[in-house]
Amino acid sequence: MDVAIEAEGLRKRYRGHEALRGIDLSVPAGTVLGVLGPNGAGKTTAVRVLTTLLAADGGRARVAGFDVAEQPAEVRRRIGLTGQYAAVDELLTGRENLTLIGRLHRLGRKGAKAKAAELLDRFDLTEAGDRPSHTYSGGMRRRLDLAASLLSEPQVIFLDEPTTGLDPASRIALWGMVRAQVERGVTVLLTTQYLEEADQLADRIAVIEAGRVIAEGAPAELKRTVGGERLEVSTVDPAQLGLAAETLAKVVPEDRVVVEENEGRVTIPLTDGVRDIAAAAAALEAAGVEVQDFSVRRPSLDDVFLSLTGRSDRSEAATDPTTTEPVQERTAV
Ligand SMILES: Nc1ncnc2c1ncn2[C@@H]1O[C@H](COP(=O)(O)OP(=O)(O)OP(=O)(O)O)[C@@H](O)[C@H]1O
Ligand SMILES: [Mg+2]
């Protein structure tokens, strides 16, 4: 099985609303596809179709080598799903939840117990394991949910917004758990609103909007579509900004120098990488410009997302709710 998830022209209509308008996806085995899209784009609908929970109206899909419409039982035997909303039983303890699901997967009483203990340990839930799961925090529930989806040792895992609502430390811990699965050869399809998450985890990203894939590629490829790296320079004394611009005009053609007065910085495109950086540093030094910040800015997935979906309203656009500024990747030089 070289391709673990394959979708061709998937369509789904809910009472007059077209949620999927022909989705094509192809995920090589052992890789991570990040599915990125604003609210209502069709991410959860696509996951539900691919995990056999919902029948498509058109198109076809194969997961782990089996057709989702024709061989749903074969597909289910090979997949794990963590939904957008946690699916654990609130009255049962974490351990009971996992043991129950293990028994549903026919691990046997002993096998299910052992596997539950192993997963509680791996997900740092051993201490909380014997408390009813309604006493868990959101992050603990998400971890329990992910543990539950791994009970059957699936070949393909679907994670629908696995880290929404998690604090940064829990998010990073969950990323580590996902990476560990990928190292074992598991294929992952993950939907997310967090561009950074897609950037961190995904080998390839599919951006969907209004039920269609509007862009697809490796994170770096997508970022290149919105332009290359830029050098950003700010000066200790704002009055020196003009001098900095004049100086940088000796490194790149004058019309490529952009002065962002409100931001208090000058930027130039880097066409010759390190050589441009060295030339700029030397020229600024020689001209006596006192530099405060000297950094290379790579386009972020935010830039990609905004340019693709044409959204400038940050409250609507997908971004980390804890930051108001676009997340920018900065490499200090
Ligand atoms: N059961 C349903 N009945 C009617 N319309 C639905 C149903 N489920 C989803 N939709 C509609 O289909 C579209 C896609 O929904 P979906 O849940 O797949 O989006 P999403 O990308 O997962 O969004 P979010 O980021 O908010 O989770 C939305 O417009 C939604 O209102
Ligand atoms: Mg959703």
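Helices (H or I, at least four residues) and strands (E, at least two) are DSSP runs, numbered from the N terminus. This is a predicted model, in which local features need pLDDT of at least 70 and side-chain atom pairs count only at pLDDT 80 or more, while totals for chains, interfaces and linings use all residues. Residues are numbered from 1 along each chain as its sequence is written, and side-chain values use heavy atoms, with hydrogens and water left out.

An open sheet of four strands runs in the order β2-β1-β4-β5 with antiparallel pairing, where two strands pair if DSSP finds at least two bridges between them. Because β2 (17–28) and β5 (66–67) stand at the edges with a single partner strand each, one side of each is left without a neighbour in the sheet. The antiparallel pairing of β4 (residues 58–63) with β5 rests on two bridges, and V63 has F66 of β5 as its bridge partner. Helix α1 (residues 43–50) packs on this sheet and touches β1 (3–14), β2 and β4, contact meaning heavy atoms within 4.5 Å.

Six of the eight residues of α1 are buried, that is, under 20% relative accessible area with a 1.4 Å probe and protein chains only. These buried residues are K43, T45, A46, V47, V49 and L50. Just after the helix, T52 takes a positive phi of about 70°.

How many cavities of 30 Å³ or more are there? The count comes to two, a cavity being a set of points, on a 1 Å grid over the protein atoms alone, where a 1.4 Å probe fits but cannot get out, and its lining residues having an atom within 4 Å of a point. The largest cavity has a volume of about 50 Å³, a volume being the space filled by probe spheres set on the grid points, which are joined across faces, edges and corners. Helix α1 gives the most to the lining of this largest cavity, with four residues, while β2 and β8 (187–192) each supply at least two. Among the lining residues are K43, A46, V47 and L50, together with I23, L25 and L189.

The second largest cavity holds about 30 Å³ of space and is lined by S26, V27, P28, T31, V32, L33, D203 and R204.

Note on methods
Chains lettered and ligands numbered in written order. Axes fitted to C-alpha atoms, helices over the stretch in contact; angles between N-to-C directions. Buried < 20%, exposed > 50% of the residue type's maximum accessible area, 1.4 Å probe, protein only. 1 Å grid on protein atoms, 1.4 Å probe; cavity = no way out; pocket = protein on both sides within 12 Å on 5 of 7 lines; lining within 4 Å.
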